[in-house]
Every structure is written in C-alpha cells, then in structure tokens.
Amino acid sequence: MGAVKLYKYLDFTGGLMMLRYSNLQFTNATQLNDPFDCHPSLIDFSNVPKEACGGWTPEIIEELRRDPFRRTREELWICSLSKIYDSILMWSYYSKHKGICIGLDMEKAQKYLSRIQGTVMIGCSEVEVQYKDIVEKPDYFRDAKDFYHYQIIYKVKSLGA
C-alpha cells in the first residue's frame, strides 16, 4: 500500500507560495468559504434550564455558554485538504476554476507538522469532515456531546453534491 495522498486546492498565487516556501496554508475558521463552518450556531444554547441560571437571566446564561465556542472559532486555524484531486466543486470553491491542486504525501506532511508543533502550533489534529443532508442542532444543556468536536466536524452537504 502506497503513501496516503491528500490534495490542497489553491489559487495560483497561493500554490506558488506553498511550493516556494514548502509550507501549508492554514485559514482562520472565521474566514472559511462556508460562513457556517465551525460556527456556534450549529449548537442550540436557547433551552437554558432554570437550575442553570443561578439568579441570572436565561439570555445571559445562553450568551455565557455560547461565548467559548465563538472564541474557539476565532482562534482556530484549519488546513483543508481533500481526498479527491479532480472535484469540480473544489475547483470552484477554492481556486475559482483557475488555480492549482497540490498532492501531499501525508506521512511527510505529518513529519513536517511534528517539527513545528510546539513552536508555532498549540495542537494539531486530523479530523475528517462529516457531511450531512441536515445538520441537527444538539441542545447544549440536554445532549451529551463533545460540542467543540461537533462544531468542527459537521458540515451540510452542498446542494449539487
């Protein structure tokens, strides 16, 4: 079995920069092309139980619980890669049909990331996005989920896919 390859779609300038400096492009989660990626609106904070209020209004508790997820999104940087090198949708989303697609040997990329980890990155993990027809909004106060993971991993399928 050969090395696992994943692909990075970039506009021409971004591709040249990646090749010239031998680095990976990371994008802040607030700047991803889908405005709902990693967004706290994927979680329902509105059903605040009375016992969680402790003298505060439900609106204040809702905002206090949502805020860490908003901050996580603002501090999160993502390097999006694809298993597919010839997706028309990916060409459209990431390179406006005029860019390049660079194949990465993930074994070598992992070695690169492990060298810079600790100096530039606080943490680096791989997650495979889970595409769903409809992303259900779990109830923060009633569902037992890792909400940070949920916020990052789920994405609505595109209408044409």
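**Reading rings, cores and a helix**

Mentor: This is a predicted model, and the structure holds 9 aromatic pairs.

Trainee: How are the rings of Phe-45 and Phe-69 arranged, and what is such a pair called?

Mentor: In general, a pair of aromatic rings is described by the distance of the centres and the angle of the planes. Here the ring centres of Phe-45 and Phe-69 lie 5.5 Å apart with their planes at 55 degrees, so the pair is tilted. The pair links distant parts of the chain, since Phe-45 sits in the loop between β2 (27-28) and α2 (50-53) and Phe-69 in helix α3 (residues 58-75), 24 residues apart.

Trainee: Are Phe-45 and Phe-69 buried or exposed?

Mentor: Phe-45 counts as buried because its relative accessibility is 1%, and Phe-69, with a relative accessible area of 2%, is buried as well. For Tyr-140 and Phe-141 the centres are 5.1 Å apart and the planes at 90 degrees, so that pair is edge-to-face; Tyr-140, at 23% relative accessibility, counts as partly exposed. Ring pairs join Phe-45, Phe-69, Tyr-140, Phe-141, Phe-147 and Tyr-148 into a cluster.

Trainee: Which residues make up the largest nonpolar core?

Mentor: The general idea is that in soluble globular proteins, nonpolar side chains tend to be buried together. In this model the largest nonpolar core has 10 residues in all, among them Leu-6, Met-18, Cys-79, Ile-102 and Leu-113. At least two residues of this core come from each of β1, β4 and α5 (106-116), and α5 gives the most, with 3 residues. A second, separate core of 7 residues includes Ile-43, Phe-45, Val-135 and Tyr-150.

Trainee: Which residues is Ile-102 in contact with, leaving aside its neighbours within four places in sequence?

Mentor: With those neighbours left aside, the contacts of Ile-102 include Leu-6, Tyr-7, Gly-15, Met-18 and Leu-19.

Trainee: Which residues of helix α1 are buried, and why are they on the same side?

Mentor: In helix α1 (residues 12-21) the buried residues are Gly-14, Gly-15 and Met-18. They lie on the same side of α1 because they cover an arc of only 100 degrees around the axis. On the other side of α1, Thr-13 and Arg-20 are exposed, while what covers the buried residues of the helix includes β1 (5-10) and β4 (100-105). After α1 comes Ser-22, whose phi is positive, near 50 degrees.

Methods. Residues numbered from 1 in each chain as written. Predicted model: local features only at pLDDT ≥ 70, side-chain atom pairs only at ≥ 80, totals over all residues. Heavy atoms only, no water. Buried < 20%, exposed > 50% of the residue type's maximum accessible area, 1.4 Å probe, protein only. Helix = DSSP H or I, 4+ residues; strand = E, 2+ residues; numbered from the N terminus. Arc of directions from axis to C-beta. Contact = heavy atoms within 4.5 Å. Core = buried A, V, L, I, M, F, W, Y, C linked by side-chain atoms within 4.5 Å. Phe/Tyr/Trp six-rings, centres within 6.5 Å; stacked < 30°, edge-to-face > 60°.
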